[in-house]
Amino acid sequence: MQALHMNKKQTDLIDFDKKHVWHPYTSMSDPLPSYLVESAKGVHIKLATGEKLVDGMSSWWSVLHGYNHPMLNQALIDQTQKMAHVMFGGLTHEPAINLCKKLIDITPEPLQKVFLSDSGSVSVEVAIKMSLQYWHSQNKSEKHKLLTVKNGYHGDTFAAMSVCDPVNGMHQIFESVLMKNIFAPAPESHFYQPWDDSELVELERFFKTHNNEIAAFIIEPIVQGTGGMRFYHPEYLKACRILCTKYEVLFIADEIATGLGRTGKLFGCNWAEISPDIMCLGKTLTGGYMTLAATLCTDHIAETISNGEAGCFMHGPTFMANPLACAVANASLDLLDTGEWQQQVSFIESFLKQHLLPLNNHEQVNNTRVLGGIGVVETYSPVNMATIQKRFVELGVWIRPFGKLIYIMPPFISNEDDLGMLVKAISTVLDEEQCFDE
Ligand SMILES: *Cc1c(COP(=O)(O)O)cnc(C)c1O
């Protein structure tokens with residue numbers, strides 16, 4: 001379809017891409033089409049072929065204030081003129097210091113130490129390594145496993161993958177090298193349903209049976225994202241905090257997708273008014289501009305690790321605290337600090353509640369749900385990726401579903417017309433049989 005409108009140069013680019021460039025979770029022998037993007041501004045992604053798409057994905061949760069934002073652009077330009085990068089071993093700089101100050105300020109009070117790294121998965125590796133070193137420093141190396149829940153997603157590197165859902169994460173392929181961790185059932189109590197604490201009996205059994213070997217419990221607060229777009233009850237999260245304390249297990253909150261406003265609170269943990277021992281931030285940290293992540297921990301954890309055998313924390317990425325990334329993160333956090341995001345996210349939430357939830361009545365739809373700036377339509381049949389993707393582009397939107405999940409998390413700045421386009425496009429494809437497999 002797209003090829004019809006492409007000129008020679010664009011066709012050559014796409015041909016090369018198809019032959020030589022890996023895309024995420026994509027076959028190289030039979031890749032689905034990729035669309036050539038020319039630019040992006042506000043909520044719009046402009047394709048090389050001229051189509052202007054309303055973005056419903058925020059480039060995988062990360063774009064908060066829209067693409068090509070003048071303040072974020074300026075922060076990058078200003079920082080480029082000072083320095084793009086210097087090593088962080090033995091050197092430090094204002095963009096990193098200011099960023100860590102801001103993060104300590106806005107996260108729950110017990111989190112006082114910040115480790116900056118390059119991506120979400122790495123921040124999870126760092127969190128896991130911190131928890132193992134914490135117990136090793138106290139001569140309790142037998143506490144070296146992770147407890148988590150099914151349906152989670154924490155990244156694609158090996159330790160992170162080892163706490164992803166074993167089925168979705170295809171653990172069987174990597175079985176011989178993956179850390180053997182412990183999986184409790186996924187949280188059952190839905191965010192909007194009355195709290196029922198009966199599932200805690202089973203969860204506590206896991207803590208009780210295994211606490212001698214568990215270093216930490218890791219979970220995505222309130223929203224299980226890539227592992228199923230499930231919203232669970234704040235009381236469940238509160239109970240996790242209590243169980244971690246009771247059974248001497250560190251609590252790692254993976255706020256990489258939920259952190260910085262997406263669920264309607266600044267952090268998912270705020271719904272339960274808890275503080276984790278370790279928190280991971282990523283995706284949203286630079287407002288979608290570039291890759292940067294942070295792992296925060298308590299004074300107690302940092303001191304225990306530092307007084308242990310190694311005398312230090314054993315990690316140090318080359319591009320740790322990259323000044324450009326820190327500068328743009330600071331600008332994005334300044335925009336969040338105005339508080340405008342709260343009205344923006346609650347506007348998206350009420351719009352989607354009014355217009356997306358009713359799609360529940362459609363015969364193809366199993367369930368619809370909305371929380372903060374996240375809307376989900378779960379279908380009975382899995383989508384046909386090639387067809388549905390093409391139809392969304394024809395309908396003027398960028399939405400990328402997977403399996404039976406058509407979901408959106410638009411940039412915070414989306415207005416009524418933008419959101420209307422997204423919902424209309426979803427409701428249109430639901431009527432089109434060719435967009436779904438049997
Ligand atoms: C995306 C994601 C990660 C991994 O982040 P990357 O930057 O892709 O490595 C980890 N945890 C959660 C909850 C995520 O959504």
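Analyst: Cysteine 297 has a relative accessible area of 2% and therefore counts as buried (buried is under 20%, exposed over 50%, partly exposed in between, with a 1.4 Å probe and protein chains only). The model is predicted: local features need pLDDT of at least 70, side-chain atom pairs count only at pLDDT 80 or more, and totals for chains, interfaces and linings use all residues. Residues are numbered from 1 along each chain as its sequence is written, and side-chain values use heavy atoms, with hydrogens and water left out.

Cysteine 297 belongs to strand β12 (residues 293-298); helices (H or I, at least four residues) and strands (E, at least two) are DSSP runs numbered from the N terminus. Leaving aside residues up to four places away in sequence, cysteine 297 touches Pro110, Leu111, Gln112, Lys113, Met130, Asp277, Ile278 and Ala302, where contact means heavy atoms within 4.5 Å. Valine 114 is 183 residues away along the chain, yet its C-alpha atom is 6.6 Å from that of cysteine 297.

Lysine 113, one of the residues touched by cysteine 297, forms a salt bridge with aspartate 299, the closest N and O atoms being 2.6 Å apart. A salt bridge here is a side-chain nitrogen of Lys or Arg within 4 Å of a carboxyl oxygen of Asp or Glu. Aspartate 299 lies in helix α9 (residues 299-306) and lysine 113 in strand β4 (residues 111-117), so the pair ties together parts 186 residues apart in sequence. Aspartate 299 is partly exposed at 31% relative accessible area, and lysine 113 is partly exposed at 35%. The whole structure has 15 salt bridges.
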